[in-house]
Amino acid sequence: MADRSPGASAFGLLGIDLGAGSLKSTLIGLDGAVLAESSAPIRTMSPRPGWSEQAPGEWMEALARTTREIVGRAGNAEIGGVAITAGAHTQVLEDAGGTVIRPAILWNDQRAGAETEELRRQAGADILRIAGNSVNPTWTLPQMLWLKRNEPDAFTRVSRLYLAKDWLRKNLTGTWETDPIDAVGTMMACADGKSWSADLCDMIGWPLHTLPPIRPTLSVCGCVTTQAASLTGLKPGTPVVCGASDTAAETYGAGMLEEGLGVVKLATAATVSLLSRRPRPEATVINYPHIVPDAYYTIAGTNSCASAHAWLRRILTDQRSGGEGSGFGDLDREAAGVRAGAEGLFFHPYLNGERSPHWDPLLRADFVGLGFNHSRGALVRALYEGVAYSLRDCLNAFCALGLNMKAARLIGGGAKSRLWSQIVADVLDIRIELPGNGDASFGAALVAGIGIGAFPDPYAAAQVIGVRDTIMPEPSRAAYYAEGFRTYCDIQKALAPINHRLAELRGLAPG
């Protein structure tokens with residue numbers, strides 16, 4: 001048996017995270033130090049406006065590539081366990097022969113708008129009561145109703161439904177299961193994630209036998225098979241832990257273990273998460289069981305964040321972003337030269353509709369107040385401030401539920417921008433802490449360690465989580481942004497009906 005004591009530097013834990021734009025594998029030691037890491041890009045397809053799909057086969061290619069690189073870089077470190085995370089709601093559908101039926105529909109896909117409205121009208125209160133969440137286009141339930149209506153052959157062929165991380169794990173272990181957190185993310189399970197709901201599945205005619213057994217997040221589900229070992233470079237027999245959604249792993253990995261300490265994420269999308277000791281079934285926020293025992297995490301999010309920055313950078317510089325968190329050089333310096341308020345320019349980051357607290361797929365982004373005086377730097381600063389305002393919109397939804405955030409750990413690629421991080425601290429008017437390791441692959445590695453017994457519980461594993469920097473809000477800017485937020489909200493309310501009319505015009509546009 002491998003030595004799992006804190007001094008055993010040759011013992012590693014492997015966390016794998018499937019993100020919206022890349023798959024990342026991270027190997028850590030029992031002290032939390034990163035021993036090796038590797039990432040590979042993932043292609044997102046958008047065959048129609050508002051659609052987001054990926055090919056699961058490309059996920060597995062990325063996993064195999066990164067794990068082989070990790071094994072090559074790890075030297076003599078023994079990989080004692082593996083855990084995988086991925087975005088919630090993203091499903092893989094297989095037929096009876098184990099063939100993937102169609103590309104996976106992602107969490108940010110907006111195609112199920114009509115189905116969402118129908119479910120809201122017919123059973124909105126029942127769905128909220130049973131699932132603990134309000135139905136929206138991001139959930140699997142309305143997405144599979146869309147599938148039934150628009151791709152009936154695919155719907156009837158489904159023999160097994162996997163969530164993204166579970167499908168990847170199946171390729172390592174040959175097993176079929178999910179955990180309570182991802183089960184809740186389908187909107188086909190009860191709010192505690194311990195069982196599937198026949199009532200919810202019956203609403204769309206979904207057969208219960210296609211849904212996987214639900215296992216504890218921290219349980220070992222199987223071991224790396226000989227076939228998977230030859231593909232990935234991992235040793236046969238390496239235990240693989242069930243795992244969780246990416247947000248659960250990254251909020252835990254950032255240190256969200258107590259009430260009042262939240263996590264703000266600036267990634268492809270932006271989110272605000274806060275630990276709660278009970279679920280908060282309200283239409284404005286999302287609820288999941290947490291990795292921390294007897295806890296839930298409440299989350300609110302905006303659809304476009306680093307993706308909005310990449311879009312603006314591409315337009316302003318004719319250069320494509322090299323990935324999440326890249327491109328904060330010249331544009332950041334130009335934005336830093338513009339005073340708070342971006343010279344009266346406001347931006348709403350609704351490039352792909354919006355989630356919390358508006359839940360409106362028809363909202364669209366805007367720059368309001370644009371004039372000849374505005375520079376590239378002003379546009380970038382307005383974007384940073386607009387995303388931060390959208391996060392304050394989310395934070396207000398928490399406050400309405402009696403949940404208060406005293407401080408937040410800031411994670412995601414956007415946290416690489418010191419300017420953006422400071423703007424978030426000023427707009428939210430809270431202390432911001434930057435964790436030493438704040439991504440989902442790091443959290444997944446800790447999950448692997450707990451699952452195989454290298455740590456006795458989540459609290460013990462969290463002792464390796466550190467803070468590398470702290471950013472305090474500047475009082476005068478915080479006061480200014482409090483007034484600016486009111487204007488931001490007024491603009492949003494005024495333009496919402498216009499956005500709905502624009503959606504009608506897009507549908508009427510001649511071919």
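**Overall build and local features of the predicted chain**

Trp359 is buried, with a relative accessible area of 11%. The model described here is predicted. Trp359 sits in the loop between β15 and β16. Its phi is positive, at about 50°, although Trp359 is not a glycine. The loop between β15 (346-348) and β16 (366-368) also holds Pro357. The peptide bond leading from Ser356 into Pro357 is cis, and its omega is near -15°. Most residues other than glycine have a negative phi, and most peptide bonds are trans.

A positive phi is also found at Asp294, with a value near 55° in a residue other than glycine. Asp294 belongs to the loop between β13 (286-289) and β14 (296-302). Asp294 is exposed, and its relative accessible area is 69%. Trp359, by contrast, is buried.

The chain as a whole contains 16 helices and 19 strands. Its radius of gyration is 22 Å, close to the 24 Å that the globule rule gives for 511 residues, so the chain is as compact as a globular protein of that length. The C-alpha trace spans about 65 × 55 × 45 Å along its principal axes. Of the 511 residues, 60% count as buried. Contacts were also examined by sequence separation. Among those with a separation of 6 or more, 71% are between residues 24 or more positions apart. The chain exposes about 19,300 Å², and carbon and sulfur atoms supply 51% of that area.

Helix α13 (residues 418-428) contains Asp426. Asp426 is buried, with a relative accessible area of 1%, because a value under 20% counts as buried. The side chain of Asp426 forms a polar contact of 2.6 Å with the side chain of Arg477. Beyond its neighbours within four places in sequence, Asp426 is in contact with Met472, Pro473, Glu474, Arg477, Ala478 and Tyr481.

Helix α16 (residues 475-508) includes Leu505. Leu505 has a relative accessibility of 54% and so counts as exposed, the cut-off being over 50%. Leu505 contributes to a nonpolar surface patch together with Ile498, Leu502 and Leu508. The patch covers about 390 Å².

Key. Residues numbered from 1 in each chain as written. Predicted model: local features only at pLDDT ≥ 70, side-chain atom pairs only at ≥ 80, totals over all residues. Heavy atoms only, no water. Helix = DSSP H or I, 4+ residues; strand = E, 2+ residues; numbered from the N terminus. Buried < 20%, exposed > 50% of the residue type's maximum accessible area, 1.4 Å probe, protein only. Polar contact = N/O pair within 3.5 Å; in protein donor to acceptor, adjacent residues only side chain to side chain. Contact = heavy atoms within 4.5 Å. Patch = residues over 30% accessible without salt bridge, like charges linked within 9 Å, V, L, I, M, F, W, Y side chains within 5 Å. Areas by Shrake-Rupley, 256 points an atom, 1.4 Å probe, with all protein chains shown as cover. Salt bridge = Lys/Arg side-chain N within 4 Å of Asp/Glu carboxyl O. Rg over C-alpha atoms; globule rule 2.2 N^0.38 Å.
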